[in-house]
Amino acid sequence: MDKIEAAIVELHLQEKTNIKAMADKHGVDRSTLSKRFRGKTGSKADGYNSQQGASSYALNGAKSSLSNSWDYARN
């Protein structure tokens, strides 16, 4: 678990959320922690994984289109 994830877990356990104190405690950027905690942004890994999914989807669509064109041309 990285520092931001640990801070987010701890924030969820608090009765009164104090993002600045938690950011200081874990040595992370306050605005990054705030955005992640509120769900405004995801981790770099989340972004990478969504890019990979989109690329695979586009690639599969292109392969399917080529395959359909080839089948049509052969008939």
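1. The axes of α1 and α2 come within 10 Å and cross at roughly 140°, where axes are lines fitted to C-alpha atoms, for helices over the stretch in contact, and angles run from 0 to 180 degrees between N-to-C directions. That angle makes α1 oblique to α2, since angles under 35 degrees count as roughly parallel, over 145 as roughly antiparallel, 65 to 115 as roughly perpendicular and the rest as oblique. The crossing of α1 past α2 is right-handed; a crossing is left-handed if the near helix is turned anticlockwise from the far one by less than a right angle, and right-handed if clockwise.

2. On the α1 side of this contact (heavy atoms within 4.5 Å) stand Lys3, Ala6, Ala7, Glu10 and Leu11, and they meet Ile19, Met22, Lys25 and His26 of α2. By class, the residues of the contact of α1 with α2 are 5 nonpolar, 1 polar and 3 charged, with Ala, Val, Leu, Ile, Met, Phe, Trp, Tyr, Cys and Pro counted as nonpolar, Asp, Glu, Lys and Arg as charged, and the others, Gly among them, as polar.

3. A note on the basis of these values: this is a predicted model, in which local features need pLDDT of at least 70 and side-chain atom pairs count only at pLDDT 80 or more, while totals for chains, interfaces and linings use all residues. Residues are numbered from 1 along each chain as its sequence is written, and side-chain values use heavy atoms, with hydrogens and water left out.

4. The protein has 4 helices and 0 strands, and from the N terminus on its elements run α-α-α-α; helices (H or I, at least four residues) and strands (E, at least two) are DSSP runs, numbered from the N terminus.

5. Helix α1 (residues 3-13) also packs against helix α3 (residues 30-37), their axes coming within 10 Å and crossing at roughly 60°, and the two are therefore oblique to each other. The crossing of α1 and α3 is right-handed. Here Ile4, Glu5, Ala7, Ile8, Leu11 and His12 of α1 meet Thr32, Leu33, Arg36 and Phe37 of α3, a set that divides into 6 nonpolar, 2 polar and 2 charged residues.

6. The axes of α2 and α3 come within 9 Å and cross at roughly 120°, and α2 passes α3 in a right-handed crossing. Ile19, Lys20, Met22 and Ala23 in α2 are in contact with Arg30, Leu33, Ser34 and Phe37 in α3, and the residues of this contact divide into 5 nonpolar, 1 polar and 2 charged.

7. The largest nonpolar core holds 10 residues, namely Ile4, Ala7, Ile8, Leu11, Ile19, Met22, Ala23, Val28, Leu33 and Phe37; such a core is a set of buried Ala, Val, Leu, Ile, Met, Phe, Trp, Tyr and Cys residues joined through side-chain atoms within 4.5 Å. At least two residues of this core come from each of α1, α2 (19-26) and α3, and α1 gives the most, with 4 residues. Not counting residues up to four places away in sequence, Ala23 touches Val28, Asp29, Arg30 and Leu33.

8. Asp2 lies in the segment before α1 and, at 39% relative accessibility, counts as partly exposed, where buried means under 20% relative accessible area, exposed over 50%, and partly exposed in between (1.4 Å probe, protein chains only). Asp2 and His26 are 24 residues apart in sequence, yet 9.8 Å apart in space, C-alpha to C-alpha.

9. For the protein as a whole, buried residues make up 19% of the 75 residues. Among contacts between residues at least 6 apart in sequence, 32% join residues at least 24 apart.
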